[in-house]
Amino acid sequence: MTARRYRLRRAAPLLGLLLTVAACSGGPDTDGGPAQATAAPSGSVAAVCDKQPAGPAAAPAGAVVVDPAVPGDLAAKTRSAGPGTTFWLKPGKHILGDDKYDQVSPKDGNVYVGAPGAVLDGRKINQYAFTGHAANVKINYLTVQGFAAPHDEGVVNHDSGDGWVIEHSTIQDNDGAGLMAGARQQVRGNCLRRNGQYGMNAYSGSTPITALVVEGNEIAGNNTGDWEAKIEGCGCSGGIKFWDVNGADVRGNWVHDNHGTGLWADTNNNDFLVEGNLIENNDSAALIYEISYNAIIRDNTIRKNNWVDGRRYADKSDNFPTSAIYISESGGEPRVKARTAKIEISRNYLENNWSGITLWENADRFCNSPANTSSGDCTRLVPSVKECAAPAITGGALRSDCRWKTQHVDIHDNKFVLDPAVVGCQASCGRMGLLSNFGTYPDWSPYRGDDVQESITFKQDNRWHDNSYAGPWTFIAHSADRVLEIGEWEGAPYSQDSGSTFTAQGGG
C-alpha cells in the first residue's frame, strides 16, 4: 500500500433515545451530561474489553482439543485435520514455534473456540496468528496478543480470507493491524485494542471487500506505534481503516482513545452505514470519509475528538477547519450502486469536539494527478488511470468523471454542542467547513483556478439544514480565509442551515 492521504487533507431534534452502555472499568465518558441523551437505535454501545463472555469450559462435541503445554500444537493439529474441524483451545497460554513465520493456516470452515483464559501469544516472535485464503473460518472467545506483524499487515486473517466470523475475542498488543478483513466478514463483540497500527485494516488488495459487518466492538488505544510521526502524511493509522470496501455496516461500536482517527474510509469505498456508534477521545477525527461514495452516517454520539490534531493546526496558525467529521473528495453518486445516492449525515450528537463537519475537495487531487496520493487508483467511474490525461480530460465526461467529488452531502437534524472552555481553545475549535483550494497543479490540469471552489460551495448540492447549534460557531466557505458568522452563512449566496436553531452558550 502506498501513502493515501494528501497532506492538505484537508443539527434539529434528535430521536430522544437514551444511550445505554454496559458497565465496565474505564467505561464511556459520562461527564458530558447531554451527550448521554442521544439517538442510538441499537440501544447500547459496546464496552466489552475485559468484560467478554466466557467461552465453553469443556470441549464442544467432536472438537479437537489443543493443549497449551505443547508448543505449536494448534498449528500442527490444524495441518493434520480436515476442513470444517472445530478446535477447542484449553485454558492457558498457547504458543507457536520460534520462527517468525510459524503461524496457523486454517482450512475452509474451521472453527477456533477459546476456553475461559485461552490466549494465543506471539511473544513478539511470530508475525502472524491466522493466515491463508481459507473461507468461512470462525474465531470465538479467544485472546490473540503479542504478534509482530509488519507495517500495513495484520495478525488475524492476514490474507483477507472471505466469510470469516470473529466474535467475542480480544485482539490486543500486536504490531501492525490486529485484524485484516475479507468479503462478507463479520466482526462482532470483540475488543480490538492497543495494536501498533490499526485495530482492523480492511484492505484486501486484489479484489474489493463486500458486505462487511463491524458491530458491537470496542476499538481502543490503537496506533501505539505513532505511524503518522514515523511516515509524515501516510494516512496509515487509527482505530479502523477501510480501503475499497463496497458495502459495510458499522454499528454500535465504542471507538475511543485511538492515537489518530477513529474510523477512516479511504479510497473508493461505497455504500457505508455508520450508525449508533459512540466515538470519543480520538486524537484526530472521529470519522474520515475520503475519495469515496454514498454513505449514511446517523445516530452516532461523537464527542471530544480531534483535540490533538486540531491543536496542532492551531499552534502553527493553520486556518484549515480540521474537524470531527471530515468528508474529503467524497459524495453521492447515483451511478455507483448503493442503498443511498448521497452522503447523509443526520441525527448525530456532536459535543465538544475540535470543530464539527468539514466538506473539502482538493482541486489538485484527481485520477492521474501527481497530487493524488492514491496514485494507482482511479474513480469508480473511469476504469483506467491512463484515461484521465490531457487532452481528453479537458472536456466531455472525463472532465467530470476523473474527479472524486464532494457532492450531494445532506447534513441535517444533528445537534452540535461546543463549550470552548472544555476543549481549551478560543475560536478555531468551533467551525464548519465547505471549501476547496485554488487549483494550481499540475500544469495540464483542467481544474486550475477557482472552478472547484465555486463548484463545491454552490453547485454540487451540499447543504446543512434543520440542525441545532449551542456555542460559538463560525463557518468557513469557499476558501480557508473566508470565515462567516451565522447570518452570513444563512444568507445569500451561501443559503445554508435553513430551519436550524442557534444558541450562544454551549452545554446542550
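Author: Buried means under 20% relative accessible area, exposed means over 50%, and partly exposed lies in between, with a 1.4 Å probe and protein chains only. This is a predicted model, in which local features need pLDDT of at least 70 and side-chain atom pairs count only at pLDDT 80 or more, while totals for chains, interfaces and linings use all residues. Residues are numbered from 1 along each chain as its sequence is written, and side-chain values use heavy atoms, with hydrogens and water left out.

Reader: Why is Asn-372 called buried?

Author: Its relative accessibility is 2%, and the limit for buried is under 20%, so Asn-372 counts as buried.

Reader: What makes the pair of Asn-372 and Arg-365 a polar contact?

Author: The two side chains meet at 3.1 Å, and the term requires a pair of N or O atoms within 3.5 Å, where, within protein, one must be able to donate a hydrogen and the other to accept it, and residues adjacent in sequence count only if both atoms are side-chain atoms.

Reader: Which residues does Asn-372 touch, not counting those up to four places away in sequence?

Author: With contact taken as heavy atoms within 4.5 Å, Asn-372 touches Ile-291, Arg-365, Phe-366, Asp-377 and Trp-404.

Reader: What is the core that includes Ile-291?

Author: A nonpolar core is a set of buried Ala, Val, Leu, Ile, Met, Phe, Trp, Tyr and Cys residues joined through side-chain atoms within 4.5 Å. In the largest, of 80 residues, Phe-130, Met-200, Leu-212 and Phe-242 touch the most other members; apart from it lies another core, of 16 residues, with Ile-291 among them.
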